[in-house]
Amino acid sequence: MSRDFVDQNAEGAIVFAGCDYAIVGYAERPGMERVVVYDWSKLIDVFSAQGMTINEAIEWVDCNIACLWAGERTPVLLFKEEE
């Protein structure tokens, strides 16, 4: 998903620097602004590609992204069942 798509459809949403690869779309909630949706497993890939081990990337994402609250525009994470 391109950053342009997000900018056009969820203007002003919070995004994580360097994590565009993990963006899978945006979400709408009644009465609230749109938020960016990140694929959790793709976030792990992003941080692994930066030199972290898989376990380090999982811990970093779980502690620094999954637990983050930055207001109503905080991105959401998509967790998918592995096939």
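Tutor: Arg 34 comes out partly exposed, because its relative accessibility is 28%. Bear in mind that this is a predicted model. The side chain of Arg 34 meets that of Glu 28 in a salt bridge, with N to O at 2.6 Å. Glu 28 counts as exposed, because its relative accessibility is 53%. The general idea is simple enough: side chains of opposite charge can pair when their charged atoms come close.

That pair is one of three salt bridges in the structure. Another one joins Glu 33 to Arg 73, where the closest N and O atoms are 3.8 Å apart. Here the pair links distant parts of the chain, 40 residues apart: Glu 33 belongs to the loop between β1 (23-27) and β2, while Arg 73 belongs to the loop between α3 and β3. As for Arg 73, it's buried, because a relative accessible area of 17% falls under the 20% cut-off.

Then there's the bridge between Lys 80 and Asp 39, whose side chains meet at 3.0 Å, N to O. Lys 80 sits in the segment after β3 and Asp 39 in strand β2, so this pair ties together parts 41 residues apart in sequence. Asp 39 has a relative accessibility of 2%, so it counts as buried.

Now on to helix α2, which covers residues 40-49. What are its buried residues? They are Trp 40, Leu 43, Ile 44, Val 46 and Phe 47. Look down the axis of α2 and those residues fall within an arc of 160°, so they line one face of the helix.

Met 52 is in the loop between α2 and α3. Leaving out residues up to four places away in sequence, Met 52 touches Phe 47, Ala 57 and Trp 60. Phe 47 is one of the buried residues of α2. Met 52 itself counts as partly exposed, because its relative accessibility is 24%.

How values were computed: Residues are numbered from 1 along each chain as its sequence is written. This is a predicted model: local features need pLDDT of at least 70, side-chain atom pairs count only at pLDDT 80 or more; totals for chains, interfaces and linings use all residues. Side-chain values use heavy atoms; hydrogens and water are left out. Buried means under 20% relative accessible area, exposed over 50%, partly exposed in between (1.4 Å probe, protein chains only). Helices (H or I, at least four residues) and strands (E, at least two) are DSSP runs, numbered from the N terminus. The arc is that of the directions from the helix axis to the C-beta atoms. Contact means heavy atoms within 4.5 Å. A salt bridge is a side-chain nitrogen of Lys or Arg within 4 Å of a carboxyl oxygen of Asp or Glu.
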